[in-house]
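Here is a short report on one structure. It covers helix packing, a ligand site and some backbone features.

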Amino acid sequence: MTVGFMYSPELTRNILREDHVLRPMRLRLVYELLQAYGVFERPDAVVIEPRVATDLELMSFHGRDYVESVQAFSRGEDLHRQNRYGFSDWGDNPISEGMYDAAALAAGASLVAAETVWNGEADAVFNAGGGYHHAGPDFASGFCVFNDVVIAILRLLALGAERVAYVDIDAHHGDGVQNAFYTSNHVLTISIHQSGQTLFPGTGETAEMGEEPGVGYAINVPLAPGTHNAAYAHVIENAVAPLVRAFNPDVLVTQQGIDTHIDDPLTHLRLTSEGHTSAVAKLGSLSPGKWLAMGGGGYDLSAVARCWAMDYAVMAGAELPDDIPPSYQENYGLKQLRDDPAPDLLEADDARVWREAEESVRRVRELIFPVHGITS
Ligand code: OKP
Ligand code: ZN
């Protein structure tokens, strides 16, 4: 079992705006935590250097005009045109110097990760600095400039993959990836998220299920605010896992946003490290031996550092003791790797969490399972 971790200090540098909630230094926290635990001393745990994606590679999904515009904006040119492409000084997608290079490097990292997994040089690779699932062909959205996920999946298909399963456990709906493959039956997209009724980007209802010939190959599992480990495990077990098994993918791609965490400032889900890593472990058990894992959202730095380090440990089969190594404790003040159990919800809130989770499972089983010949 060889497991890669995409890393270069360059991936941690681009500041979107001083007050922006997405802080690229979070990736360094993950890397240094794994290093402090000595994980990279294992012969099977390898750090892989990313490269910058070329314009041509970016244009496998994005329009030429968009790619060239992002390049110009990044140099401070043509800024009066930025609003057309989803950018604004005050909003989710501000323009920063070096934005193009950072987004092209994130996409290049996902390409290297995809190629490494497809070639069999590694059984699994984690590109924690990727997972920009909202970007569209001609616009930036939700902190995402280039959709490295779509670009990586397109590369897998070009290399010969016939079936790619994409499972997105970020708290937000993976709309950009879903839409890119909405009419395809070669890419199964599954997104589990806080319902669009209460969270950006507002989409991701169970009724969004793909269009010919992709009907039944886009799956959405919306969840109520307050959703906790137990309800989350229930939907993975009863809606997601049977579909991935029946689809029998050549490659598994996951987006492991950790903004589902109870401490995340942007969402209202209540997962702890236990709920998140159990979900990742379950998904990993469905991998056909080729697993491309990506990061995604995650805006509480402690949750990001600890949970993504644990994700990589799951992938590499490494046991991490709960006591965080002293060197890391001194630098960042984190002491304990795993979260304590979350406090219980009020009874009425818990009832709503279960009702909505069960309703989403029921709808997926009713609408989607028959397409895949799963009887339940
Ligand atoms: C990105 B990812 C209203 C606020 C919306 C955007 C959140 C993007 C999340 N304009 N904020 O999926 O974690
Ligand atoms: Zn998110």
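## Helices α3 and α4

Helix α3 (residues 64-74) and helix α4 (residues 99-119) cross at roughly 135 degrees, and their axes come within 7 Å. That makes α3 oblique to α4. Angles under 35 degrees count as roughly parallel, over 145 as roughly antiparallel, 65 to 115 as roughly perpendicular and the rest as oblique. Axes are lines fitted to C-alpha atoms, for helices over the stretch in contact, and angles run from 0 to 180 degrees between N-to-C directions. Helices (H or I, at least four residues) and strands (E, at least two) are DSSP runs, numbered from the N terminus.

This is a predicted model: local features need pLDDT of at least 70, side-chain atom pairs count only at pLDDT 80 or more, and totals for chains, interfaces and linings use all residues. Residues are numbered from 1 along each chain as its sequence is written, chains are lettered from A and ligands numbered from 1 in written order, and side-chain values use heavy atoms, without hydrogens and water.

From α3, Val67, Val70, Gln71, Phe73 and Ser74 meet Met99, Tyr100 and Asp101 of α4 (contact means heavy atoms within 4.5 Å). This contact has five nonpolar residues, two polar and one charged. Ala, Val, Leu, Ile, Met, Phe, Trp, Tyr, Cys and Pro count as nonpolar, Asp, Glu, Lys and Arg as charged, and the others, Gly among them, as polar.

## Helices α7 and α8

Helix α7 (residues 229-247) packs against helix α8 (residues 273-284) at about 10 degrees, with the axes 10 Å apart. That makes α7 roughly parallel to α8. By class, their contact has six nonpolar, two polar and four charged residues.

## The ligand site

Which residues surround ligand 1? They are Asp92, His133, His134, Gly142, Phe143, Asp170, His172, Phe200, Asp259, Gly297 and Tyr299, each with a heavy atom within 4 Å. Three are nonpolar, five polar and three charged.

Polar contacts are pairs of N or O atoms within 3.5 Å. A polar side-chain atom of His133 lies 2.6 Å from a ligand 1 oxygen. For the side chain of Tyr299, an N or O atom is 2.6 Å from an oxygen of ligand 1. For Asp259, the distance is 2.9 Å.

## Backbone features

Most residues other than glycine have a negative phi, and most peptide bonds are trans. Phe143 has a positive phi, near 70 degrees. Phe143 sits in the loop between β3 (124-127) and α5 (148-159).

A cis peptide bond joins Phe200 and Pro201, with omega about 0 degrees. Pro201 is in the loop between β5 (187-194) and β6 (218-223). The bond from Glu212 to Pro213 is also cis, with omega near -15 degrees.

Conventions
A polar contact is a pair of N or O atoms within 3.5 Å; within protein, one must be able to donate a hydrogen and the other to accept it, and residues adjacent in sequence count only if both atoms are side-chain atoms.
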